[in-house]
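Here is a report on helix packing and pockets. The sequence and structure come first.

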Amino acid sequence: MPKVTLLAHTPDPERTVAAAAKLCYSSSGVEELLDGLTDEKAASFVEMLSSLGHESPVEHVSFTFGIEGVSRALLAQITRHRIASYSVKSQRYVTEGCFEYVTPPEIADIPEALELFEETMRADQAAYDKLTELLFTKHNAKLLSEGKDEKTAARMAEKMAIEDARFVLPNACETKMVVTMNTRSLLNFFRHRCCTRAQWEIRDVANQMLSLVLKVAPNLFKKAGPSCVAGACPEGKMTCGKAAEMRKMYEEMRNNG
């Protein structure tokens, strides 16, 4: 299952945001921005920004997460959030021998479905291994015929083989990534991916990310979560109808943070 680690973040995130906001609303010079900016005043600035809907100052603070135990299906979803930086385990350069995979809980709950799923994963692995073998043999022979030494030919042939063999790997295939987002992007991410209509895996990741950032910047993320936490649900007839329940859940998360 997903595991999220907060690897790094902008030092003193709330004072950094408050300093940026102070520049917008006062005549202070850059060198005086942090003068007298206590934690209480920083929190007040952050709250004022939230009430005004002034989001640009929060872009000066970023958070970097390590995410593991997730599927390639999640990768396709999370990279739709384009104002972010991603580094992902490459299937072109990393051989997927005995690849790990993510099993959806609904499949795991049905013994017959789980058996079929695991059988499919084994078949995918067998196909990947066989394709890698066939492609390696072809590329290695060609590289040797072109004058490459055995070590170089083998190294290049393996890379060329797994580049195409990976096409049979499933969405369930496990991957790892490092993700960096600024606060504004994170708030948008939480609005979409903490929602009950989000897919279960990315919602789990989003909730872990939110729990982590609340520990280091509670005021910045005071109203973070699905849209219904800070306002009305935007889903119309697709709403889950659980706004009160969701507000309580995220209030408890903030209190426990």
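## Second largest pocket

H7 and H9 each supply at least two residues of the lining of the second largest pocket. Helices (H or I, at least four residues) are DSSP runs, numbered from the N terminus. The model is predicted: local features need pLDDT of at least 70, side-chain atom pairs count only at pLDDT 80 or more, and totals for chains, interfaces and linings use all residues. Residues are numbered from 1 along each chain as its sequence is written, and side-chain values use heavy atoms, with hydrogens and water left out.

The volume of this second largest pocket is about 200 Å³. Its lining has 15 residues; Arg191, His192, Cys195, Pro234 and Glu235 lie nearest the centre. A pocket is an open set of points on a 1 Å grid over the protein atoms alone, where a 1.4 Å probe fits, with protein on both sides within 12 Å along at least five of seven lines; lining residues have an atom within 4 Å of a point. A volume is the space filled by probe spheres set on the points, which are joined across faces, edges and corners. By class, the second largest pocket is lined by eight nonpolar, four polar and three charged residues. Nonpolar covers Ala, Val, Leu, Ile, Met, Phe, Trp, Tyr, Cys and Pro; charged covers Asp, Glu, Lys and Arg; the others, Gly among them, are polar.

## Largest pocket

The largest pocket has a volume of about 460 Å³. It is lined by 22 residues, and nearest its centre are Ser50, Glu55, Leu187, Leu220 and Lys223. Helix H2 (39-52), H7 and helix H9 (227-230) each supply at least two lining residues. H2 gives the most, with six. The lining divides into 10 nonpolar, seven polar and five charged residues.

## H7 against H8

The axes of H7 (residues 183-193) and H8 (residues 200-216) cross at roughly 140 degrees and come within 9 Å. H7 is therefore oblique to H8. Axes are lines fitted to C-alpha atoms, for helices over the stretch in contact, with angles from 0 to 180 degrees between N-to-C directions. Angles under 35 degrees count as roughly parallel, over 145 as roughly antiparallel, 65 to 115 as roughly perpendicular and the rest as oblique.

H7 passes H8 in a left-handed crossing (the near helix is turned anticlockwise from the far one by less than a right angle; clockwise is right-handed). From H7, Leu186, Phe189, Phe190 and Arg193 make the contact; from H8, Ile202, Arg203, Ala206, Met209, Leu210 and Val213 do. Contact means heavy atoms within 4.5 Å. The contact of H7 with H8 has eight nonpolar, no polar and two charged residues.

## H8 against H10

H8 also meets helix H10 (residues 243-256): their axes come within 9 Å and cross at roughly 40 degrees. That makes H8 oblique to H10. Arg203, Asn207, Leu210, Ser211 and Leu214 of H8 touch Met246, Met249, Tyr250, Met253 and Arg254 of H10. Six of the contact residues are nonpolar, two polar and two charged.

## H5 against H6

The axes of H5 (residues 111-145) and H6 (residues 150-165) come within 7 Å, crossing at roughly 140 degrees. H5 is therefore oblique to H6. The crossing of H5 past H6 is right-handed. By class, their contact has 14 nonpolar, three polar and three charged residues.
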